[in-house]
Amino acid sequence: MASDTRRRLLEAAAQLFREQGYAATGLKQITSVAGAPWGSLYHFFPGGKEQLGVEAVAHSGARYLKLFDLVYERAGDEAIVRAVHDFFQLSAEALERSRWTDGCPIATVALEAAGTSEPLRHACAEVFESWREAGARRFVLAGVEPARAGELATYVLAALEGAIVLSRARHDTGPLRVTAGIVAGTLRAELGG
């Protein structure tokens, strides 16, 4: 029961940070959305909002990495190129369904807190690095030399995050959809296919 309350607090915080930002999200709002008693927040997160933020970022990062793995597993023969393209498309669909509030759970916090909270900045950087490393491993499996695989993974991650920000700001998935095609074409050329 206690671990369920903790998980609900993490998930509520992650959702609210993604949708409205870290600073605009209050602790009472988090406990309300989580359906958790007020005192449980400080029981599980004695460091307060910043500790909750750090752990919510890590929690979200791990969940999105699992989502990418699922997309990759469904991609078939052209696994890495198809998975990257599909992930861009899924991001576009999520933005539309959420009416432009469901952006990247890490970027929203990173853009806001990078200059104000070293623990939050560090947590965001760790998640982005874990995503980059996971992408690089997939490129190596596709036959790309390790150093180049790391560069490609950085490129894909930067393109995805930038396209999400542009799409969210414009209330238009065009940047995500256009970038998906260009990134997929670039990857096909890199992989010789």
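Which element gives the largest share of the lining of the largest pocket? In this predicted model, α5 does, with eight residues. Helices (H or I, at least four residues) are DSSP runs, numbered from the N terminus. Residues are numbered from 1 along each chain as its sequence is written. Because the model is predicted, local features need pLDDT of at least 70 and side-chain atom pairs count only at pLDDT 80 or more, while totals for chains, interfaces and linings use all residues; side-chain values use heavy atoms, without hydrogens and water.

The volume of the largest pocket is about 520 Å³. Among its 26 lining residues, Tyr64, Phe68, Phe87, Ser91 and Leu160 are the closest to the centre. Two or more lining residues come from each of α4, α5, α7 and α8. A pocket is here an open set of points on a 1 Å grid over the protein atoms alone, where a 1.4 Å probe fits, with protein on both sides within 12 Å along at least five of seven lines; lining residues have an atom within 4 Å of a point. The volume is the space filled by probe spheres set on the points, which are joined across faces, edges and corners.

Helix α7 covers residues 118–141. Its 24 residues should span 34 Å at 1.5 Å a residue, and the end C-alpha atoms are 34 Å apart, which agrees. The expected span is 1.5 Å times one less than the number of residues. At the start of α7, a side-chain oxygen of Ser117 lies within 3.2 Å of the backbone nitrogen of Leu120. Gly143 follows the helix, with a positive phi near 100 degrees.

Buried residues of α7 include Leu120, Trp131, Arg138 and Phe139. Buried means under 20% relative accessible area, exposed over 50%, and partly exposed in between (1.4 Å probe, protein chains only). The buried residues of α7 pack against α4, α5, α6, α8 and α9. His122 also sits in α7. His122 counts as partly exposed because its relative accessibility is 42%.

The largest nonpolar core has 60 residues, of which Ile30, Phe88 and Phe139 touch the most other members. Such a core joins buried Ala, Val, Leu, Ile, Met, Phe, Trp, Tyr and Cys residues through side-chain atoms within 4.5 Å. Beyond four places in sequence, Phe88 is in contact (heavy atoms within 4.5 Å) with residues including Val156, Leu160, Leu176 and Thr179. Thr179 lies in α9. The side chain of Thr179 reaches the backbone oxygen of Pro175 at 2.6 Å.

Terms used. Polar contact = N/O pair within 3.5 Å; in protein donor to acceptor, adjacent residues only side chain to side chain.
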